[in-house]
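Thanks for coming, everyone. Please take a moment to look at the picture and the sequence before I start talking.

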Amino acid sequence: AGTGPGGPAMARSPSALVVFPQEWTPFGDESGAPRNHAWWQRCVYPRGAAVNELDLVRSQLRESMLDGAHRPTVEVVRIERIQHRRLYKRFADKRDEIAVKCGGAANVLRLWHGTGETDPDVILRSESGLDERMSSQGFYGKGVYFAEYARYSNGDKDRGYFHSNRASGHRQLLLCKVLCGNVKDFGGAIKRGLNPAKDLVDERRSTATVQVVFDSVRGGPHRPGHGGGGENDSAMLVVYRNTQVYPAYLVTYKKTAASGQPRGAAAAFASR
């Protein structure tokens, strides 16, 4: 399953025809009129929401953060679909490239990313989106990090990766579509000084004339800020090119009145 064409409607870009997802709300210039300046817009749910799309996002958040009695510890306040034409075109081009490289499947996953002190709008307004150049060294070098389970991004009393909205106090996370391609799995090992150009060479697929590299890294499960499993742990995936990332949804949520620390596991959601 991938994030590919959702229907026959096409919209022009400066260099190619791009098929945008069918569920997107029209921008108003799809008929061949000159492109307006709107690179992106947000569609706030539940108004006009496809129930299946909305429920998938809500479930992916809540089922990852359960207390000891398997009750959700958070409540979804708002879900916004991000329609960013510039980032989506770049993502679609990279998806097609990785699909060819990997024999037809780009291995697209829906994963969580917390922007911390940076307002998500700052990222969404930019031409670059989530930018690996702005990241700091993590468990697997300098890249863009994602969690399989939202409980990791939500964090604990010592560390959290969510953005706190100043006006409402609500928490926000991005749910991104990530092109993981062929993954190098480090398991529970940590390699802080990882160099993508050197350490991700896939010797089994490389030849004397062609060097092939892994497209992403998987590690863990790890706890927020700490190696190894435990409370609020999750596997993490890392990519080293922001062309492999599309920030698909901005999810705003709050803790429930009787919430404890999130526990339990939830199934990983592949992109649909």
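First, some housekeeping. This is a predicted model, so to speak: local features need pLDDT of at least 70, side-chain atom pairs count only at pLDDT 80 or more, and totals for chains, interfaces and linings use all residues. Residues are numbered from 1 along each chain as its sequence is written, and side-chain values use heavy atoms, with hydrogens and water left out.

Okay, the overview. The protein has 5 helices and 12 strands; those are DSSP runs, H or I of at least four residues for helices and E of at least two for strands, numbered from the N terminus. Of its 272 residues, 47% are buried, and buried here means under 20% relative accessible area, with exposed over 50% and partly exposed in between, using a 1.4 Å probe and protein chains only. The protein exposes about 13,400 Å², and carbon and sulfur atoms supply 50% of that; the areas come from the Shrake-Rupley method with a 1.4 Å probe, and for residues only the protein chains shown count as cover.

Now, contacts, meaning heavy atoms within 4.5 Å. Among those in the protein with a separation of 6 or more, 76% are between residues 24 or more positions apart.

So what sits inside? In soluble globular proteins, nonpolar side chains tend to be buried together. A nonpolar core is a set of buried Ala, Val, Leu, Ile, Met, Phe, Trp, Tyr and Cys residues joined through side-chain atoms within 4.5 Å. The largest one here has 46 residues, and Leu61, Leu130, Phe146 and Tyr246 touch the most other members. Strand β12 gives the most to this core, with 7 residues. Another core, of 13 residues, lies apart from it, and includes Tyr152 and Phe186. Back to Leu130: leaving aside neighbours within four places in sequence, Leu130 is in contact with residues including Ile123, Val144, Phe146 and Leu174.

On to the helices. Helix α1 covers residues 51-62, and its end C-alpha atoms are 16 Å apart, which agrees with the 16 Å its 12 residues should span at 1.5 Å a residue; the expected span is 1.5 Å times one less than the number of residues. Its buried residues are Glu53, Leu54, Leu56, Val57, Gln60 and Leu61.

Helix α2, residues 85-101, reaches 24 Å from first C-alpha to last. Its buried residues pack against β2, β4, β5, β8 and β12. After α2 comes Gly103, whose phi is positive, near 80 degrees.

Which strand holds Thr252? That's β12, residues 245-255. Thr252 is buried, with a relative accessible area of 1%. Its side chain makes a polar contact with the side chain of Gln172, at 3.1 Å; a polar contact is a pair of N or O atoms within 3.5 Å, where within protein one must be able to donate a hydrogen and the other to accept it, and residues adjacent in sequence count only if both atoms are side-chain atoms.

Last one: Gly116 is in the loop between β5 and α3. At 22% relative accessibility, Gly116 counts as partly exposed.
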